[in-house]
Amino acid sequence: MKIALLGYGKMGKTIEKIALNRGHKISLKANQTPTSEELNAVDAAIDFSVPHAAFQNLSACFKNQIPVACGTTGWLNQYQEAVELCKQHKAKFIYASNFSLGVNLFFELNETLAKMMRKFEAYQVGMKEIHHTQKLDAPSGTAISLAEQIIENSNYSNWKHPAKNLAKNELGIEAERIEDVKGTHTITYTSEIDSIEITHKANSREGFALGAVLAAEWLANKKEPGVYQMKDVLNTLKS
Ligand SMILES: NC(=O)C1=CN([C@@H]2O[C@H](COP(=O)(O)OP(=O)(O)OC[C@H]3O[C@@H](n4cnc5c(N)ncnc54)[C@H](OP(=O)(O)O)[C@@H]3O)[C@@H](O)[C@H]2O)C=CC1
Ligand SMILES: O=C(O)C1=N[C@H](C(=O)O)C[C@H](O)C1
């Protein structure tokens, strides 16, 4: 399949390597919003760009009916608008705050743990993410997804970053930036007696990149237009 890489930075370059190994062709490497002419020459697009560009890039894909997998974080205030636009143009779209298999397993673990802990009010939940110093957004998209899962399955009502002056029902997210850290997320349940902690640590960017390529392949093969989730892709691969 012919792929457009929207964003040819750290992730774009890792995705290129994985996509070529899977027999795809990279027809476009763009560090700016693509033109319709450029998009019409590809089968699918993968957007790992910057927060201020993601919505514009997605709009260009929807208008040209190019299936698009988007991993860019930090633009979610426009997510609903993107969903509407995708439906309006009968396009195909997946956004995932994290495309790696490991983090998607971690999402399942997080949800199960939150359900288990719901009735034990002695435990306070805390979250911390660590990423490299070039990251533009905080907290990470993955931390937001994890926090939303906990909120849905507990008595917490909202998340807060930075994690200061928290009300009882606020889930604090701490973010630390350390050179070259690929992405670490930790959730801690703390009582006076003990702590329970789960951590996912990415050792490289390859897991994110493989997941994004699998999502783009899945979208390109999907007949029905729509807004999909990484869960849909992984469920198909499991069956
Ligand atoms: N969902 C997931 O699994 C993951 C998500 N991410 C997210 O992906 C995004 C990219 O991460 P990363 O590759 O590390 O970041 P980089 O900064 O390394 O790369 C971003 C690239 O986007 C380019 N860019 C700038 N403006 C546009 C535009 N209008 N259209 C297309 N490209 C543009 C930049 O070009 P220039 O330098 O010329 O400005 C740069 O090459 C981030 O939001 C990050 O949080 C990262 C890893 C995993
Ligand atoms: O910017 C990154 O590098 C990453 N961003 C994503 C996020 O914001 O959650 C995913 C991963 O943690 C790496």
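Modeller: The C-alpha centres of domain 1 and domain 2 lie 26 Å apart, where domain 1 covers 2-99 + 205-238 and domain 2 covers 101-201, with bounds that come from an automatic or database domain assignment. This is a predicted model, in which local features need pLDDT of at least 70 and side-chain atom pairs count only at pLDDT 80 or more, while totals for chains, interfaces and linings use all residues. Residues are numbered from 1 along each chain as its sequence is written, and chains are lettered from A and ligands numbered from 1 in the order in which they are written. The average pLDDT of the protein (the predictor's confidence in each residue, from 0 to 100) is 97, and 100% of the residues score at least 70; the model has an ipTM of 0.99 and a pTM of 0.98.

Where the domains touch, 11 residues come from domain 1 and 12 residues from domain 2, two residues being in contact if their C-beta atoms, placed from the backbone, lie within 7 Å. On the side of domain 1 that touches domain 2, the elements that give two or more residues are α7 and α8 (230-238); helices (H or I, at least four residues) and strands (E, at least two) are DSSP runs, numbered from the N terminus. That side has 4 nonpolar, 6 polar and 1 charged residues, if Ala, Val, Leu, Ile, Met, Phe, Trp, Tyr, Cys and Pro count as nonpolar, Asp, Glu, Lys and Arg as charged, and the others, Gly among them, as polar.

Ligand 2 belongs to this picture, because domain 1 and domain 2 both give residues to the shell around ligand 2, so that ligand 2 lies between them. Around ligand 2 are T73, S97, N98, H131, K135, S140, G141, T142 and G183, each counted as near if its C-beta atom, placed from the backbone, lies within 6 Å of the molecule. By class, this shell has no nonpolar, 8 polar and 1 charged residues.

The shell of ligand 2 includes S140, and a cis peptide bond with omega about 0° joins A138 and P139. P139 is in the loop between β6 (124-131) and α6 (141-152). Most residues other than glycine have a negative phi, and most peptide bonds are trans.

The shell also includes G183, and D180 is found in the loop between β8 and β9 (184-190). D180 has a positive phi, near 70°, although it is a residue other than glycine. With 8 other C-beta atoms within 10 Å, D180 is exposed, since a residue is buried if 20 or more other C-beta atoms lie within 10 Å of its own, exposed if 12 or fewer, and partly exposed in between, with C-beta atoms placed from the backbone.
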